Structure formats: C-alpha cells, structure tokens
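Please keep the sequence and the coordinates at hand while reading.

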Amino acid sequence: MGVNGSSEADQAMMIQFWQVGYGQTTVDDLIGAAGLSRTQFYRQYHSKRVALRRSLVCYQATLDEQLDRLIERERARQTPLPALIAACALLPFQSDQWPAGCLMVNLMAELGTQDAALSAQLQTIYANLQTRFVSLLAPQAQTLPTTVAEAAASLMQVRSGLQLFAKQAVGGAQLKQQAQTSVNLIMGAH
C-alpha cells in the first residue's frame, strides 16, 4: 500500500498526472506508470477521469501526511511561526520524493471548471489547506495586520504562485526567500 491506504497504482498515477498533466496523460501512460494490464486498469478505474479522482484522494492524503510531519518537526525545533508557515507554503516543493510544483495548482490551472466533480474535489483540497493556515494563524490573531481568514486566503495565493514558479526549476533558496518575504508581509512580521 502507498500513502495512507492508497494503492501503489494510485500513487504512480498521481505522479504521472502531476508531471505531465491531465490532458497530456493517456490511459496507456497510466497503465504503464501503474504497472497494470489494460483489463486491470478498466476493472479498477473504469476511466482516466476516475483514475484522476483517485489520484487526488491520494494527493490529499500525501499532502496531509507531509504537512503533519513538517509542522510537528518545526514545532519541536521551536521554529518561529512565519518560518513554519513559509515552509508549509513551499510544500511539497522541498520534497525529493514528489515532482516540482503542486498537483492541485497544476490541475486548477489546466482544468478550470470544465468538470464540476473534479473542480469540487480540487476546491476541497484547497479549502483544507487554507484551513491549515487558519489553524496555524489563529493563536496569533491579535498580532496580525488583518483577519485570520484574510491572511490565510493571502497565504494560499502566495502558495499557488510559489508552486507555479517551482515548476520553472527555480532554485530552492530563491523560492524560500520569496516565501519568507511574502509570509512576513502578510503576517506583519519583521
């Protein structure tokens, strides 16, 4: 089994969609990535769209697991909150295990609102991530220059931009600097 109960096939297809995109990925690409026969693919997934939906479930589980680990590790190190939030905004860029950028951001840009069910699934992932920022910011509500909700929404916009920029093979130091500068501006940190 892969991350949080997802199958190895789900994870392999998630990476395929992440690297190549939905439109450029064929069923043959998914079969090859997942190591399935055509019969197995259609029996388990029925279509490319269903494979993408299952890949998004895997992505949500992966992102949640990675964020939990990151937050736990940085809190144990007593990392200042702005630096912790900047690290969260960069995730999953800092991972050796996953492709550059963010599957959610990539698909939002590629698919728009073409498919209501996929759009809703992507919006749920986005909202869950924004809620993570809200929970991190809430204890600092009195010191923020804006509301917690507005700060979290701004952080999501910064994160989306960073993830798109990461796809351009920009260096980690430059992305980290941009993330930290943006977080400091949003949080009113100096």
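## Confidence, fold and local features

The mean pLDDT of the protein is 90, and 94% of its residues reach 70 or more; pLDDT is the predictor's confidence in each residue, from 0 to 100. This is a predicted model, in which local features need pLDDT of at least 70 and side-chain atom pairs count only at pLDDT 80 or more, while totals for chains, interfaces and linings use all residues. Residues are numbered from 1 along each chain as its sequence is written, and side-chain values use heavy atoms, with hydrogens and water left out.

Confidence is highest in helix α2 (residues 27-34), at a mean of 96, and lowest in α6, at 89. Over residues 1-5, pLDDT stays under 50, and the model has 13 contacts beyond four places in sequence for this stretch. Contact means heavy atoms within 4.5 Å. Where pLDDT is low, the predicted coordinates should not be read in detail.

The protein has nine helices and zero strands. Both are DSSP runs numbered from the N terminus: helices are H or I with at least four residues, strands are E with at least two. Of the 190 residues, 47% count as buried, that is, under 20% relative accessible area with a 1.4 Å probe and protein chains only; exposed is over 50%, and partly exposed lies in between. The C-alpha atoms fill a box of roughly 55 × 30 × 30 Å along the principal axes. Among contacts between residues at least 6 apart in sequence, 69% join residues at least 24 apart.

Helix α6 (residues 103-111) packs with helix α7 (residues 116-137) at an angle of about 140 degrees, their axes being 10 Å apart. Axes are lines fitted to C-alpha atoms, for helices over the stretch in contact, and angles run from 0 to 180 degrees between N-to-C directions. From α6, the contact uses Met 104, Leu 107, Met 108 and Leu 111; from α7, it uses Leu 118, Leu 122, Gln 123, Ile 125, Tyr 126 and Leu 129.

Two residues stand out by their backbone angle. Most residues other than glycine have a negative phi. His 46 and Gln 78 have positive values, as tabulated here.
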